[in-house]
Amino acid sequence: MPWRSIVGAVFAGVGVNAIIPARSGDAVRVVLTKRGIEGSSYATVASTVILLSLFDFVVATCLVLWAAATGQLPKVLGPSFDFGWAFHNPGTFLKATALVLAVLLVLLLWFAEQIGDFRARLAQGFAILRDRRAYFRRVALWQAVDWSFRLVAIFFFLRAFGLPATIHNALLVQVSAGLASLLPISPSGIGTEQAFLLYLLRDQASRASLLGFSVGMRITIIVVNLALGFTALLVTLKTVRWREHVAHSPR
């Protein structure tokens, strides 16, 4: 696989996710990856992204369950715009969810009709699971390293803002980020993440200090992601107008 194209696609997706909600960067990532691998299909590339997301989902879920089991989460997950809107408008939220699922079903059926060997191409993205040792060595291990680096970065952000820098607090900050990604309505989960962080670390520092830390860290990450992402777009596509490539990309 052309590793430079794959790295560029990943960085570009991260950059787009930093400013556009609803995981729009994943679509960019899929399009650019398909563009970089000759003979590939959207079904295979998308299923690969799903496989990678499963590991992240399991780790994030375990962290949230840990926080819930130790009584650190609020009884009602509605202290922010994203969650508050969903709880106060359950009917609209369920209708929107049903609409999204219906669109995904239509797209799935469309792909199944357009690609004769759709199931085989879809299965290609999960092919590495046939060799568990290869999966843990070449996929899960690197994703675990990725999560470790996230915690290390949070640890140093806590120190930089003069807050208690402990593994426990770093895990709680990561929990707030994970909860913010459950309903990706706002870009990078900003707002939701800050609301949960103020609650989770309420006994560690003042609200002003926690808010300064959370906003400062998130803005720094967004800026870095934007710089990496749009540099990758510029190098890969010779332009940052990724929407044109999504619209004109060959099926």
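Okay, let's start at V173: skipping neighbours within four places in sequence, V173 is in contact with I154, L158, L197, L201, F213 and M217. Contact here means heavy atoms within 4.5 Å.

Quick note on what you're looking at. This is a predicted model, where local features need pLDDT of at least 70, side-chain atom pairs count only at pLDDT 80 or more, and totals for chains, interfaces and linings use all residues. Residues are numbered from 1 along each chain as its sequence is written, and side-chain values use heavy atoms, with hydrogens and water left out.

So, where does V173 sit? The largest nonpolar core has 29 residues, and V173 is among those with the most contacts inside it, along with L73, V175 and F213. A nonpolar core is a set of buried Ala, Val, Leu, Ile, Met, Phe, Trp, Tyr and Cys residues joined through side-chain atoms within 4.5 Å, and buried means under 20% relative accessible area (1.4 Å probe, protein chains only). Two or more residues each come from α3, α7, α8 (167–180), α9 (192–200) and α10 (207–237). Helices are DSSP runs of H or I, at least four residues, numbered from the N terminus. α7 gives the most to this core, with 7 residues. Another core lies apart from it, with 7 residues, including V16, L32, A232 and L233.

Now α3 and α7. Helix α3 (residues 42–69) and helix α7 (residues 132–160) pack at about 45 degrees, axes 11 Å apart. Where they meet, α3 brings residues including L52 and F55, and α7 brings W147 among others.

Notes. Axes fitted to C-alpha atoms, helices over the stretch in contact; angles between N-to-C directions. Buried < 20%, exposed > 50% of the residue type's maximum accessible area, 1.4 Å probe, protein only.
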